[in-house]
Amino acid sequence: MSERTGPFWDGVEGRAPMPRAARTLGLEFLAADPELGTIELAFTATEDFTNPVGNVLGAFLSAMLYDTVGPALLATLGADDFQSTLELKVNFLRPARPGRLTGRGRVIRREGDLAFLEASLLDAHDLTVATASATARVIALTDAPEAV
């Protein structure tokens with residue numbers, strides 16, 4: 001089997017640095033199945049992510065879900081392709097506390113250059129704290145804006 005390359009796989013394999021936003025979220029790659037279009041990631045929600053009562057802010061949960069749906073698609077793409085998220089809808093189901101959160105994402109379907117994605121974020125007790133659905137467009141890296 002040939003080695004996978006491209007922005008996503010280069011980051012996972014340590015051939016490229018992890019994006020700063022992903023580092024801020026404490027992103028850790030766990031597994032991906034490009035043929036099934038699934039991914040599993042872990043995030044570390046720190047005390048810095050909390051509101052006055054100690055729950056993780058929804059904006060951070062949204063960012064974690066965003067960093068799950070995008071890579072679910074990226075893991076399926078070739079080295080010369082990237083993705084651009086067109087929309088993201090998040091549902092908050094229960095409060096999340098600081099600690100390790102697991103993101104599970106998948107490509108629901110792809111129609112040409114459009115992809116439909118979903119993800120869930122689970123706490124340390126495997127309870128779903130938030131879900132997301134997204135639509136993304138597959139773009140050639142040569143068409144990608146320099147500042148995304």
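**View 1. Asp126 in the loop between strand 5 and strand 6.** Asp126 belongs to the loop that lies between strand 5 and strand 6, as seen in this predicted model. The backbone of Asp126 has a phi near 65°, which is a positive value in a residue other than glycine.

View 2. In soluble globular proteins, nonpolar side chains tend to be buried together. Leaving aside neighbours within four places in sequence, Leu121 is in contact with Phe43, Leu61, Met64, Leu65, Leu101, Thr102, Gly103, Leu127, Thr128, Val129 and Ala130.

**View 3. Helix 3 and its buried residues.** Helix 3 has 17 residues and reaches 24 Å from its first C-alpha to its last, close to the 24 Å expected at 1.5 Å a residue. This helix is mostly covered, with twelve of its 17 residues buried; among them are Leu61, Met64, Leu65, Thr68 and Leu73, together with the run from Asp67 to Leu74.

**View 4. Thr68 within helix 3.** Thr68 is found in helix 3, which comprises residues 58-74. With a relative accessible area of 0%, Thr68 is classed as buried because this value is under the 20% limit. When residues up to four places away in sequence are not counted, Thr68 touches Ile39, Leu41, Phe43, Gly103, Arg104, Gly105 and Ala119.

**View 5. The largest cavity and its lining.** A search of the whole structure finds one cavity of 30 Å³ or more, and the volume of the largest cavity is about 40 Å³. Its lining consists of Thr5, Gly6, Pro7, Phe8, Trp9, Leu74, Leu77, Gly78 and Asp81, which divide into five nonpolar, three polar and one charged. Helix 1 (residues 7-12) gives the most to this lining, with three residues.

**View 6. Leu77, one of the residues that line the cavity.** Leu77 lies in the loop between helix 3 and strand 3, and is one of the residues lining the largest cavity. Its relative accessibility is 5%, so Leu77 counts as buried. The C-alpha atoms of Leu77 and Pro7 are 9.8 Å apart in space, although the two residues are 70 residues apart in sequence. Not counting residues up to four places away in sequence, Leu77 touches Arg4, Phe82, Gln83, Arg110 and Val138.

**View 7. Pro95 in the loop between strand 3 and strand 4.** Pro95 is placed in the loop that lies between strand 3 (81-92) and strand 4 (99-111). Pro95 counts as exposed because its relative accessibility, at 56%, is over 50%. Asp123 is 28 residues from Pro95 along the chain, and the C-alpha atoms of the two are separated by 9.5 Å. With residues up to four places away in sequence not counted, Pro95 touches Asn55 and Val129.

Key
Residues are numbered from 1 along each chain as its sequence is written. This is a predicted model: local features need pLDDT of at least 70, side-chain atom pairs count only at pLDDT 80 or more; totals for chains, interfaces and linings use all residues. Side-chain values use heavy atoms; hydrogens and water are left out. Helices (H or I, at least four residues) and strands (E, at least two) are DSSP runs, numbered from the N terminus. Buried means under 20% relative accessible area, exposed over 50%, partly exposed in between (1.4 Å probe, protein chains only). Contact means heavy atoms within 4.5 Å. The expected span of a helix is 1.5 Å times one less than its number of residues. On a 1 Å grid over the protein atoms alone, a cavity is a set of points where a 1.4 Å probe fits but cannot get out, and a pocket is an open set with protein on both sides within 12 Å along at least five of seven lines; lining residues have an atom within 4 Å of a point. Grid points are joined across faces, edges and corners, and a volume is the space filled by probe spheres set on the points. Ala, Val, Leu, Ile, Met, Phe, Trp, Tyr, Cys and Pro count as nonpolar, Asp, Glu, Lys and Arg as charged, and the others, Gly among them, as polar.
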